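Keep the sequence and the model in view while reading.

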Amino acid sequence: MLHLVFQSPIETAVLERIEAGDVVVFLENAVLRILRNGLLSASLTQLLGTNRLCVLSEDVAVRGIAADELVEGIDIIDYAGLVELAVNNHVIQSWS
């Protein structure tokens, strides 16, 4: 399943619904919650053990966030990468 997270702040209930093997893309203001020093860094690091976590490069750039400020292991993708994830995942859940 592909999870598109727009929600800010990100509720822990959303993270608890992510199952092993799911892919998560953080978009828009949700990127402000995936910072290395943020409150969710431990939860996100745990998810990285069984899931792919991504962030849209344009959303990071617009907010002036450097790649090294994100939780280590989160992939930075472009729009083509987002389209590829959408095509490869038959079930998509949006969280806003």
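E28 lies in the loop between β2 (23-26) and α2 (41-47). Helices (H or I, at least four residues) and strands (E, at least two) are DSSP runs, numbered from the N terminus. The model is predicted: local features need pLDDT of at least 70, side-chain atom pairs count only at pLDDT 80 or more, and totals for chains, interfaces and linings use all residues. Residues are numbered from 1 along each chain as its sequence is written, and side-chain values use heavy atoms, with hydrogens and water left out.

E28 is not a glycine, yet its phi is positive, at about 50°. With 42% relative accessibility, E28 counts as partly exposed; buried means under 20% relative accessible area, exposed over 50%, and partly exposed in between (1.4 Å probe, protein chains only). Another backbone feature is the cis peptide bond between S8 and P9, with omega about 0°. P9 belongs to the loop between β1 (2-5) and α1 (12-16). Most residues other than glycine have a negative phi, and most peptide bonds are trans.

In β2, V23 and V25 point one way and V24 and F26 the other way, and all are buried. Two strands pair if DSSP finds at least two bridges between them. The pairings of β2 are listed here.

| Strands | Sense | Bridges | Residues opposite each other |
|---|---|---|---|
| β1 and β2 | parallel | 4 bridges | L2 and V23 |
| β2 and β3 (residues 52-56) | parallel | 4 bridges | V24 and L53 |

From β2 the chain crosses through α2 to β3, a right-handed β-α-β crossover. Right-handed means that, with the strands pointing away from the viewer, the path from the first strand over the helix to the second runs clockwise.
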